[in-house]
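Hi,

Here is the structure I said I would pass on. Have a look at it first, and then read my notes below.

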Amino acid sequence: MEYKDLTLPLDHNWMPDEVLPVAAHFYLAPKYHPDKGIILGSETGTCLTLPAAFADFRETTRLHEVTIEKLFLRATAILDIAAEESQEITESEMKRAIEVCKVARGNAVLLRTGWGDRGTHAKPGSQYIMASPHLSLPAAELLATFMAESESDLLLTDLALIGWPDKHLFPEWNSLFPRPGPWPSTEAQVYLHLYTPQKAKADFAVELALARSGIMTVKRLIHCKDLLSDRLRVIVSPLHIVRGASATCRVIAVEGAM
Amino acid sequence: MKLIDLTMPVWPGAGYGEILPFTNTPVDFVEYMDYAKNGMRQTRMKLNGETGSPLMVPAQHAPFDMNPIQKNPRFHWTLDEIPIEELVLHDTAVLDISAGEGHEINADEMAAALKAADFREGDHVLLRSGWGTIERAYEMGIDYLRKSPSVHYEAAVLLADKMEELNSHIFMTDCAFVNPPRVQGYNWFLGDAPLTPLPKPWPSAEARERLLDMGGSYAYAHASKEPSSYGALIRKAIGCGKCLVNCGQITERRIKMIILPLKIKNGGASSCRFVAVE
């Protein structure tokens, strides 16, 4: 067996995902500081998001209720769609990828675009998030249907963002220059104060399409390029948060016969 | 294949975050996006290196202090440097010492358990006392730690020596504390002059005063005159895990363990997932 760590490191000096106001600043306060400890957002770095993260599905399973077999050593199929910087993955591209994807019933699906292998997560600036490839809504709906037919409820991907929040979040936040810090900056607090459920539904339509099918998503994987689909299992190890709806996690690929 | 989750959950107000002055500070969540106002939920979490079921390396206060909490440790890796083979599906021996409320596992009990266990070269070791259950932690609050069984120093030295002899790298237990609570919480919640009512942890005024009393540094934060059992073990280990739960569900003497802390760059300790595979 061979193990590969697909997890974005949590770096207290700088995190590549702290671009938007919906992200929380990750930091380790020095030991004599009043905040001594580990401060992070529920979606800091590589993270697992349950459908329950959205109001429409808040009655569904929470983190501490997810059965261990759904997350640990789960057989996984790779869905390959090589994507360029800022590319929106279309329905036809998704359809072609699905046609050649061999997914057994109940397998998790790992959507590999190559974004997590380009090293942008280790470079300064906002490119990792702002230039991430992402899914179009029709592509996400097709993927959700495919996964439902395959009885799959776990999607992993090396995308930094799964959908593209360009209805409100990007144009409004990016109009601020220089770009403010993530939550809890004053600007982020004010912005989120005015960020309504209607805006969230428009911005997160792709994520909601997946959540509607009961799909748990893991985003911001790295180092997926050498994974082989044959006999692949993944370990998704989130913080064990009581009643949580999303959490930072560690993701390990296990290749070969067990 | 049977998977058993041995991880203590994380929730605001958990007892493990309320009982000590420094090493484990309170769990606190802020919902900065919520269902009613934003249609979705995002949480800012304040955790600590010893939240839930933690994994701690010798340089526990890394990255800000790379000094190990015990001098001359056998290993020097930070969390992100631990080879993945040590963390995923690693062979582990279960060491059974049934211990109830307040019991300090002594050297004779440790020797008998080591003799009975199927502890092989290179194994990690899981000391099962039977104390750790989620239900008990939910019900007892800080008493879950105050009344936890623990490992007496001489027993810890015996185990640490055996671990070195067998090239064993990681120690885990379902005790809430490795040190006896009277040692760990000396003159905080137990000891000659415990504080009543129990103060809040750092950054409370009382915790700051305790720091002053200790000479201004908690790098070697051990106020008791008795030696540290935990210290004996961490000197010989890549890392130690404690506060595991549900170990009673393990039916085999040998298991494979998945041990996954957060991947904190240069990190010294973090909440961790512990899963047994039979």
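Which residues form a nonpolar patch on the surface, and how much accessible area do they have together? The patch consists of A:M1, A:M258 and B:M1, with about 350 Å² between them. A:M258 sits in the segment after β12 (246-255) of chain A. Its relative accessibility is 46%, so A:M258 counts as partly exposed. Please keep in mind throughout that this is a predicted model.

Next, the second largest pocket, which has a volume of about 200 Å³. It is lined by 16 residues, and those closest to its centre are A:H64, A:H240, B:D5, B:I134 and B:N246. Two elements of chain B, β1 (3-5) and α4 (134-140), each give two or more residues to the lining. The largest share, three residues, is from β1(B). By type, the lining splits into eight nonpolar, six polar and two charged residues.

- A:K201 pairs with A:D56, with 3.2 Å between the closest N and O atoms. A:K201 belongs to helix α7 (residues 197-203) of chain A and A:D56 to the loop between β4 (47-49) and α1 (68-71), so the bridge ties together parts that are 145 residues apart in sequence. A:K201 is partly exposed because its relative accessibility is 44%, and A:D56 is partly exposed at 46%.
- B:R128 pairs with B:D96, and here the closest N and O atoms are 2.7 Å apart. This pair links strand β7 (residues 124-128) of chain B, which holds B:R128, to strand β5 (residues 90-96), which holds B:D96; the two residues are 32 apart. B:R128 is buried, with a relative accessible area of 14%, whereas B:D96 is partly exposed at 44%.
- B:D123 pairs with B:R254, the closest N and O atoms being 2.3 Å apart. B:D123 is in the loop between α3 (107-116) and β7 of chain B and B:R254 is in strand β11 (residues 254-261), so parts 131 residues apart in sequence are tied together. B:D123 has a relative accessible area of 2%, which means that it is buried.
- A:D5, A:R250 and B:K263 are linked in a network of salt bridges.

With 66% relative accessibility, A:V100 counts as exposed. A:V100 is 20 residues from A:D80 in sequence, and their C-alpha atoms are 8.9 Å apart in space.

Cheers

Note on methods: Residues numbered from 1 in each chain as written. Chains lettered and ligands numbered in written order. Predicted model: local features only at pLDDT ≥ 70, side-chain atom pairs only at ≥ 80, totals over all residues. Heavy atoms only, no water. 1 Å grid on protein atoms, 1.4 Å probe; cavity = no way out; pocket = protein on both sides within 12 Å on 5 of 7 lines; lining within 4 Å. Points joined across faces, edges and corners; volume = space filled by probe spheres on them. Helix = DSSP H or I, 4+ residues; strand = E, 2+ residues; numbered from the N terminus. Nonpolar A, V, L, I, M, F, W, Y, C, P; charged D, E, K, R; others polar. Patch = residues over 30% accessible without salt bridge, like charges linked within 9 Å, V, L, I, M, F, W, Y side chains within 5 Å. Areas by Shrake-Rupley, 256 points an atom, 1.4 Å probe, with all protein chains shown as cover. Salt bridge = Lys/Arg side-chain N within 4 Å of Asp/Glu carboxyl O. Buried < 20%, exposed > 50% of the residue type's maximum accessible area, 1.4 Å probe, protein only.
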